[in-house]
Structure formats: C-alpha cells, structure tokens
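Work through the exercises below with the model open beside you. Try each task before you read its solution.

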Number of protein chains: 2
Amino acid sequence: MNSAGSSPGAESPSGDEVSTAGAILIGDELLSGKIQDSNLYPLAGTLRRLGIRLLRVSIIGDNAAVIAREVKQFSADYDVVFTSGGVGPTHDDLTLEAVADAFGVSTHIDDVTRKMLEEHQGKQLTEAQIRMVRVPDSSRLVSTKDVPWPTVVMRNVWVLPGVPQAFAMKLSVIHHELKGSQCLLSSSVYLRDDELDLTEKLNQLVERHPQVSIGSYPRWFDTRYKTKITFDGEDAALLDAARDDLLSLVPAESVVNIE
Amino acid sequence: MNSAGSSPGAESPSGDEVSTAGAILIGDELLSGKIQDSNLYPLAGTLRRLGIRLLRVSIIGDNAAVIAREVKQFSADYDVVFTSGGVGPTHDDLTLEAVADAFGVSTHIDDVTRKMLEEHQGKQLTEAQIRMVRVPDSSRLVSTKDVPWPTVVMRNVWVLPGVPQAFAMKLSVIHHELKGSQCLLSSSVYLRDDELDLTEKLNQLVERHPQVSIGSYPRWFDTRYKTKITFDGEDAALLDAARDDLLSLVPAESVVNIE
C-alpha cells in the first residue's frame, strides 16, 4: 500500500499533473430512478477547484461487461478516470472485477484491506464477503491520514464507492493526491434581461473574446434574475475584459450581481 | 406539426412500443460543477413508470461534434433517446444543429414555432434568435394540449430543454406520447442488518430467483435502517416469492419496512 503523499500521477499519461478527467457512475438504481445521484456534483466541483477538466460522465448499470468496456475506453481517453459504485460485498457489486477485466488482469485478495475489514467487524470475512477486498492485480492502494480505508487505483482509474457519505470522504483523498495542470478561473454576471434579448450582445462578446468560454443560463420563475452569464478561462485579465465588455453592453439597471 | 395524440413511436425501431432508452445531458455547466443536474432523476422515474428501460446516460459539454457523435450512437443503440440542454437562442446552444448533423440532414426555420415565439415576446425574432426555431429537416414537432410549445423529435431522438422547469413540462408530453413495452414492477425491504452480514443470504436469493433483479443498497448514518433490498421484474408472483424468501432468511426483528 502506498503511504500518504505518494506520487499518484506517476502512472497517468501526463505525468504528475492531470489535465482531463472522465467519470463513470455505476448502478441500476440511478437508471431506474430509484435513487437520485448526488456524487457527480461534488466530484465536478472538486475537479474544477483542482484545475482538472471533467469532459464526460457515463451512467451505466450493474453489468460487468458494460463496466469493463467503459473503463477501458475512458482510461484511454482521459488522464484520470473515476468510477462510483459497485464496490460493496454483494452480488451486484461488480466494479473491481470489471476494472481488472478492462486491463486484462486478474484480481487478488489484499491482505491489508482484509485485516482492516475484519478488525472493523470483529470477525473473519466469509467467502462471499471477500469480494469486497479482491483488488485488480498491479493496482495501487492509496491511503491518507484522514481516510485510512484504502482507495483502489488501477493505472489512471480511481475506484470510488457509490454511497454518498463514503464518496464524499474519498474526495478529500483525491484532493490530497491529484494535481491539476490548469488554473480554471470563473466569474458570473446575473442579469434582469431575458436571454432572448441578450442573444445579439452575447454573439458580439463571443466573437471579441475567443479565449474566454462564455455561458448563458436562463432562469425561470426567479424574481432575482433572468439570465446568468458565465466567463471561464485560464487568464484573469482576459476574463475581466470579457466581463467588463458585457457590462458596457447592458444598462446598469439590468445588472443584479457580479460574482 | 403533429397534433396531440399522434403515433410517436412510428419511427422508433420497435414500432408503437418502446423497450429501451438512452439519455444525453448536455452542458458545460454540469461538467464544471456549477450546476447540479436535476433532470435525470424525474426522467428516469417517468421512464420506469412507462415501462421503458433507461440503459445509459451520457453527460457531455457544449461541443457540436461531440453531441452529434453521441446522438448518432445512442439513436442506433436504443429505441428512444432523450437529449436535455442546448436548445436556447445563444451561441452555446448547439443541440438542434448537432442532432441534424447526426442524421446527415440540414436545418430549416419552422414557421409555426417562429410565430409562436414572436407572439410570446411581442416582436419579430432577430437573425441571432432564429437559432432557437431552426429544426432538423424531417423532424417532427410534437405538441399536446397541456404543452403547446412544440417538442422536436428527430427519428427516435426527443430534444428536450435543459432548464429544469421546462424539462419537467416536457415529461408530461413524453408520458402522453410514449408507451413502454414492459411492466416494470418493484418492491423493497428495509433491514436493520449491515450489508456485510447479508451477503451470503443475498447470494442464495440471487441463485434461487434468476428472473428477479435483486439490488442491495447500504445506508450510512441512518437510524431507521442499514440496508435496502430491492426486487425488480415483470412478474408480480416471482417478485413476491423472492421477497418472501428474503423475509424467511432474516429474523423478523430485522425488518423495518416492506414497500
């Protein structure tokens, strides 16, 4: 098991810093509408703060072949990949096996994790429960001081739990272990104008500020504002210039807030 | 424009009834963690109640080429596909063009929708705003009495808005227009037992009830129950048998609730 503070990006394509990410949320319950996912939002926020661009998310069911195919594809497409779900002890927990399959390796029982789990529950694991501590061959187990329960990392794939409270704990591990390569800055302007009436002005802005990513988000039934305009990029001066340009295009009384 | 009650599944691979679905949620704001998606959960629930299996969801950014590729793949893979987002009037609203690209067709201005929008805002659309009423050639526009604003349907792809309030309105159109081929039944048992202690029993259940899909969901920090066991399938008698079998395997005092 790697100790806290090890170099986690060593096996990622871009070396120590990672630039792009993909996420795979696993579970029949998400697709059947029984459970509302609550892991993506905090993951996306964590990655943005780290300077890692999340480029794609897949939500798929508890099917080992589908999970393996998805993991293989994502691992090739992005610097770092996160899975969520399917790591418990029961028959529908297929992620660790599927991740092994994705990389053409077998699994083995990790004795350290096994001992931790046995100490936790005060008795030996049964044959069926051992599923939970079977990890892909050549995977790394990452622990930190705050989150001693190991996180399985296979190449550039971080295998995270689906239970929201457990997932949230793992975000602190990600924050500790991964380093993004980008400085993702963002600012927003909240306007009283209807998005339809802003279209021409936004088109001007987009043309004049090609290095700033400009977003427009209408809001219904909100008495405070009607449209939120966002500016994203890596250069603070360029962001400020685009924002000031917008402010020069709309009447002062339209502006509700600037963040 | 098709009138309410038209036959929507006519162009879907399976005829009038649809069996499988995929969904594509579009928007940089979902991937950057600025906005928490709230459309998937009600969509998934609506589809389940209709008897349509949602098999995959992709969340992707505002990139026309990526959207087009995804739509093309999903359209081939599933009976019906739903997109959410990217249908407003601004530069980052790319979905309608991308859906046209996916099927190798052009777009045209739909005069009926244009007139509706002009009446709504009390003035003519500008050249830039017309983006909003450009629809793929040979797409259908579906209206219902309750939701007169047309929904664009291209082959088996339903193009829905991203704004949650607008999306929710469209779910009533889907409910009105689509008919699932399956009867998806579900029941749940809430137990005080830790999931780890249920593993062996669940493995027995899974083996004895191959036609029932059995799920196990641990719950942390909940004083009411520790594990929820779900039973899903198309046959009520088989579901009941699996549930009763579980109830015979656990002590009565473990059972918190049966749904």
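**Exercise 1. Two helices in chain A**

Is the crossing of α3(A) and α4(A) right-handed or left-handed?

Solution. First, some ground rules. This is a predicted model: local features need pLDDT of at least 70, side-chain atom pairs count only at pLDDT 80 or more, and totals for chains, interfaces and linings use all residues. Residues are numbered from 1 along each chain as its sequence is written, while chains are lettered from A and ligands numbered from 1 in the order in which they are written.

Step 1. Find the helices. Helices (H or I, at least four residues) and strands (E, at least two) are DSSP runs, numbered from the N terminus. α3(A) spans residues 64-77, and α4(A) spans residues 95-102.

Step 2. Take the geometry. The two axes come within 8 Å and cross at roughly 50°. Axes are lines fitted to C-alpha atoms, for helices over the stretch in contact, and angles run from 0 to 180 degrees between N-to-C directions. That angle makes α3(A) oblique to α4(A). Angles under 35 degrees count as roughly parallel, over 145 as roughly antiparallel, 65 to 115 as roughly perpendicular and the rest as oblique.

Step 3. Read the hand. The crossing of α3(A) and α4(A) is right-handed. A crossing is right-handed if the near helix is turned clockwise from the far one by less than a right angle, and left-handed if anticlockwise.

Step 4. List the contact. From α3(A) come A64(A), I67(A), A68(A), V71(A), K72(A) and S75(A). From α4(A) come T95(A), E97(A), A98(A), V99(A), D101(A) and A102(A). Residues are in contact if their C-beta atoms, placed from the backbone, lie within 7 Å.

Step 5. Sort by class. The contact of α3(A) with α4(A) has seven nonpolar, two polar and three charged residues. Ala, Val, Leu, Ile, Met, Phe, Trp, Tyr, Cys and Pro count as nonpolar, Asp, Glu, Lys and Arg as charged, and the others, Gly among them, as polar.

**Exercise 2. Two helices in chain B**

Describe how α7(B) packs with α8(B).

Solution. Step 1. Helix α7(B) covers residues 195-208 and helix α8(B) covers residues 236-249. Their axes are 10 Å apart, at an angle of about 150°. α7(B) is therefore roughly antiparallel to α8(B).

Step 1. α7(B) passes α8(B) in a right-handed crossing.

Step 2. K201(B), L205(B) and R208(B) of α7(B) meet A242(B), D245(B), L246(B) and L249(B) of α8(B). By class, this contact has four nonpolar, no polar and three charged residues.

**Exercise 3. Positive phi in loops**

Where do S138(B) and R155(B) lie?

Solution. Step 1. S138(B) is in the loop between β6 and β7 of chain B. R155(B) is in the loop between β8 and β9 of chain B.

Step 1. Phi is near 70° for S138(B) and near 50° for R155(B). Most residues other than glycine have a negative phi.

Step 2. S138(B) counts as partly exposed because 13 C-beta neighbours lie inside 10 Å. R155(B) is partly exposed too, with 19.

**Exercise 4. The chain contact**

Solution. Step 1. Chain A gives 47 residues and chain B gives 47 residues.

Step 1. On the side of chain A, α2, α6 and α7 are among the elements that give two or more residues.

Step 2. That side has 20 nonpolar, 18 polar and nine charged residues.

How values were computed. Two residues are in contact if their C-beta atoms, placed from the backbone, lie within 7 Å. A residue is buried if 20 or more other C-beta atoms lie within 10 Å of its own, exposed if 12 or fewer, and partly exposed in between; C-beta atoms are placed from the backbone.
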